[in-house]
Amino acid sequence: MRTGSTTHALRRPKLLTTALATVLASVLAAVLTAPASAVKETPAQAQLAAAPVNFTHPGVLVSRPQLDFVKAKVQAGAQPWKGAYDQMLGSKYASLTRTAKPRAIVECGSYSNPNNGCTDEREDAIAAYTLSLAWYISGDSRYATKSIEIMDAWSAVIKDHTNSNAPLQTGWAGSSWPRAAEIVKYTYSSWPNSGRFGTMLRNVYLPKVINGSHSNGNWELSMVEAAIGIAVFLEDRGAYDKAVTKFRGRVPAYIYVTSDGSLPKTAPGSGLDTRDEIIGYWQGQSTFMNGLSQETCRDLTHTGYGLSAISHIAETSRIQGQDLYPEVAERLRHALGLHAKYQLGEPVPGNLCNGSLKDKLGPITEVGFNALHNRMGIGMTNTQRLTEQQRPAGSNNLFVAWETLTHAGNTA
């Protein structure tokens with residue numbers, strides 16, 4: 001009996017192995033003989049393949065359908081777009097007598113000391129973008145030629161950015177330049193030096209921003225924004241993919257949600273290994289709540305830079321056919337709502353930045369609010385109040401400009 005029982009016990013694994021082998025063989029055969037459509041990537045898998053096969057132009061922050069929407073609204077005199085357009089045309093950035101101030105080396109130190117060409121570069125880049133919008137909406141070619149004049153002046157001269165704020169400066173100016181270049185190159189009749197401008201972006205700007213930064217989160221997010229915009233203009237799929245990877249690592253480390261656990265996430269390569277290090281990086285804040293930013297307790301202005309860059313990157317990716325908004329929507333909606341609530345006057349609780357918040361977000365809520373509320377249908381009461389209260393949103397003179405004009409109610 002014992003021998004027979006042992007023999008029976010040994011046979012069962014063999015039978016199971018045979019059966020399993022048969023099943024696996026049939027599955028493998030089915031996969032190998034299936035039509036291609038049956039083994040395509042799932043949507044989740046396909047989303048990880050970031051760069052588009054064919055880039056969409058214009059495709060940095062604003063698309064042609066979005067520009068057409070704005071143009072129609074302005075021509076119809078509809079609000080808030082007409083008021084926002086008039087505001088833009090009345091600004092120094094739309095001036096047809098502007099003289100660009102390029103220089104070979106832009107030197108930017110901490111707190112703008114020194115400031116050798118930093119303000120000039122940022123404002124010339126915003127002017128080029130402003131003029132490109134004015135051209136498209138009005139059809140007046142003088143705006144396009146002035147935008148080209150500014151871009152050509154810089155692409156003929158600049159060689160490098162130096163000093164401690166060089167990465168951030170490159171990120172800010174490098175975010176505005178591709179927006180202007182995309183509109184002009186793909187909607188205006190002629191730009192002979194567009195290739196030289198692309199070479200400038202590739203050689204002077206992209207190397208400074210593509211590898212990111214382990215400074216405060218708004219630095220890396222602005223650098224990623226520049227990188228993804230430049231990648232679109234250059235149709236550089238490798239740079240695009242690298243920028244998206246940086247984005248996916250940085251956003252969860254910049255905005256906290258309770259599902260993260262007791263501590264915020266850290267960005268890849270940050271070197272933040274302990275609770276004390278993480279709390280120190282979060283400006284000493286040890287109580288974490290939905291929507292808290294890594295820079296909330298520093299001030300709302302720098303927080304606004306980070307939230308703006310997140311919105312801009314996601315907007316560009318959406319235009320390029322890879323919508324990153326669903327990946328960051330929960331974090332972004334909480335962050336916009338939390339900071340909007342306190343900017344609107346809600347008393348700050350004692351467990352948030354010791355009961356005191358500094359400064360304001362700036363004109364940065366339109367893009368994210370439009371995407372999350374108008375496209376995705378997410379309720380955002382506080383963000384909506386603040387956004388409408390601030391209209392028409394102007395420029396922060398760094399890398400944000402005219403977003404009521406370009407994105408208010410714009411679901412194109």
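**View 1. The lining of the largest pocket by residue class.** In this predicted model, the residues that line the largest pocket divide into 8 nonpolar, 11 polar and 2 charged, where Ala, Val, Leu, Ile, Met, Phe, Trp, Tyr, Cys and Pro count as nonpolar, Asp, Glu, Lys and Arg as charged, and the others, Gly among them, as polar. A pocket is an open set of points on a 1 Å grid over the protein atoms alone, with protein on both sides within 12 Å along at least five of seven lines, and lining residues have an atom within 4 Å of a point. About 400 Å³ of space lies in this largest pocket, a volume being the space filled by probe spheres set on the points, which are joined across faces, edges and corners. Of its 21 lining residues, Ser110, Tyr111, Asn165, Leu168 and Trp172 are the closest to the centre.

**View 2. The largest cavity.** The search of the whole structure finds 1 cavity of 30 Å³ or more, a cavity being a set of points where a 1.4 Å probe fits but cannot get out. Its lining consists of Ala253, Lys265, Thr266, Ala267, Leu272, Ile278, Tyr281 and Trp282, that is, 6 nonpolar, 1 polar and 1 charged residues.

**Notes.** Residues are numbered from 1 along each chain as its sequence is written, and side-chain values use heavy atoms, with hydrogens and water left out. Local features need pLDDT of at least 70 and side-chain atom pairs count only at pLDDT 80 or more, whereas totals for chains, interfaces and linings use all residues.
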